[in-house]
Structure formats: C-alpha cells, structure tokens
Amino acid sequence: MTMTQGTGKDTQTGAEAGDSTVADSVTARLDSVRRAIAETESACGRGKKAITLIAVSKTHPAEAVEEALAAGQRVFGENRVQEAKGKFPALKERFPDLELHLIGPLQTNKVKDAVALFDVIQTLDRPKLAEALAEEMAKSGRRPRCLIEVNTGEEPQKAGIAPAEVEAFLADCRDRLGLPVTGLMCIPPVDEEPAMHFALLAEMARRLGLPEISMGMSGDYETAVRFGATHVRVGTAIFGARPYPAQ
Ligand SMILES: *Cc1c(COP(=O)(O)O)cnc(C)c1O
C-alpha cells in the first residue's frame, strides 16, 4: 500500500507511511480503491467521476460505516433490509446526502421497510416484486430508483431476469406500473470470466436507454469500469474480510 506524501488533501493527518494500522484502515483502503477506479477511468478514456463507488458494508458494524463517512464516502450498499434498518436510519439523519442501495434479494414482505429506507433498489428481479414495489411507492409517496437485476449467466438457481426477457419486463415495470427504473445490475457466475457478462449488461443498458449500470465487486471492479459500469459495488477491498458470511 502506498500512502500519499506531501500536502495533497488525500494525506491523512497524523498518518505515517508504512504504519500498518493506517494502511489497513477503512480510510486507506477506500483511498486505494478510489485511486484504482480513477486510474482505470483515465486509462480507458472515460470522464473523471464517471463511476459511483458503492461501499458494501454488509456484516460490518456502524463504526466501519462511520469511518468511511469521515473519509467522504456517501454511497453504501447493504444486502439485507433488516440489517440495514439497524445501522442506517441514525446515520442518514446525520448525513442527509447519504445514499443507500439495496443489493440483496428483496422479499415482498420487506418491501415496505425497503421503500422507506433505501434510495436505490438494485434487485428488481421478478414481476411479483415489481407489483409490490409499485403499490408501496403509491402508498408511501417515496420513489427509490430501481435497477433490474439481470441473470446474465442464465443460471437456474440465481435471481434475475433472463436477458431475452429484460425488454418486456422493463416495459411492464415502467408503462404499466410506473416504476422509476433507471438501470441494470448483474452478478456474473463465480466460475466464469466476468468481462463477457459486463459487456452484455452494458450493451443491454445502452440499447434500452438506461443510464445506470451496476456491476463489479472487489475482485473485478476495474474490469467492470473498463466495460462501462457506472456503479461498482465494493465490500471486502474497503472494509476487509467479512466477520461472518453474508447470506
Ligand atoms: C457482497 C456483495 C458485493 C461486494 O462483494 P465484495 O467481493 O466483498 O466486494 C457486491 N455485490 C453484491 C450483490 C453483494 O452481495
């Protein structure tokens, strides 16, 4: 890990280069992920700040989120409604510009809480959920942006809309249900080269005129940036290994 020297605003006050507790901190890891994203952006000719980094804080305590907030991070991802409800309402009060993304499966009985808490729901993955979200948005007046989860690997056990069905599903969500769908997300199969899945998702989003493309995790976010991601979801590379497996 290389620490920034000199008077740049990235320099941590009181941080000594080579101090392992500093190098291992959320602040330092966040800094190195931001730098890797910026370098990849410029290497592939994408505009500066074309990418939104979503810090995935699932399983990590509110203190870790606070450390990231102190380092200027404002966009976070959680995969469980219940866990997010325990951590984020107080933080959102203190940081009104905090943006929270749901990146895990959403059961219809959690839709009310999800609409109340999240600013973006990335896992719109079935007609029944679309109906429930539309109903709750009408009731509550809150309209979190929605991304359609696409099962790019067409894995039978995995959530998401099959690529061939995305266009019709999008039309139904928007035209009939009036959902604010702004993008697509995918989680490529673990045992496959992610690049072709990223390329497929980006191409679909372009064709459908959807501006937000959420793809790439700790192991492959630079690849995702090269293939056109607008949002990358990074957990381990920022917060370290998870203390227990996230569902
Ligand atoms: C946990 C999770 C991530 C972050 O994974 P890391 O490998 O820890 O960066 C990204 N996306 C989704 C959908 C996740 O569940």
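Q: What makes β5 and β6 a strand pair?
A: Strand β5 (residues 145-149) and β6 pair in the parallel sense over 4 bridges. Two strands pair if DSSP finds at least two bridges between them, so β5 and β6 qualify. Strands here are DSSP runs (E, at least two residues) and helices are runs of H or I, at least four residues, numbered from the N terminus.

This is a predicted model: local features need pLDDT of at least 70, side-chain atom pairs count only at pLDDT 80 or more, and totals for chains, interfaces and linings use all residues. Residues are numbered from 1 along each chain as its sequence is written, and side-chain values use heavy atoms, with hydrogens and water left out.

Q: Why is β6 called mostly covered?
A: In β6 (residues 181-185), 5 of its 5 residues are buried. Buried means under 20% relative accessible area, with exposed over 50% and partly exposed in between (1.4 Å probe, protein chains only).

Q: What makes β6 and β7 a pair?
A: β6 and β7 (residues 212-214) share 3 bridges, in the parallel sense. Gly-183 stands opposite Glu-212 in β7.

Q: Why is the unit of β6, α8 and β7 called right-handed?
A: With the strands pointing away from the viewer, the path from the first strand over the helix to the second runs clockwise. The β-α-β unit with helix α8 (residues 194-208) is right-handed.

Q: How do you know that Cys-173 is in no disulfide?
A: A disulfide is a pair of cysteine sulfur atoms within 2.5 Å. The nearest cysteine sulfur to that of Cys-173, in Cys-146, is 7.7 Å away, so Cys-173 is in none. Cys-173 has 0% relative accessibility, so it counts as buried.
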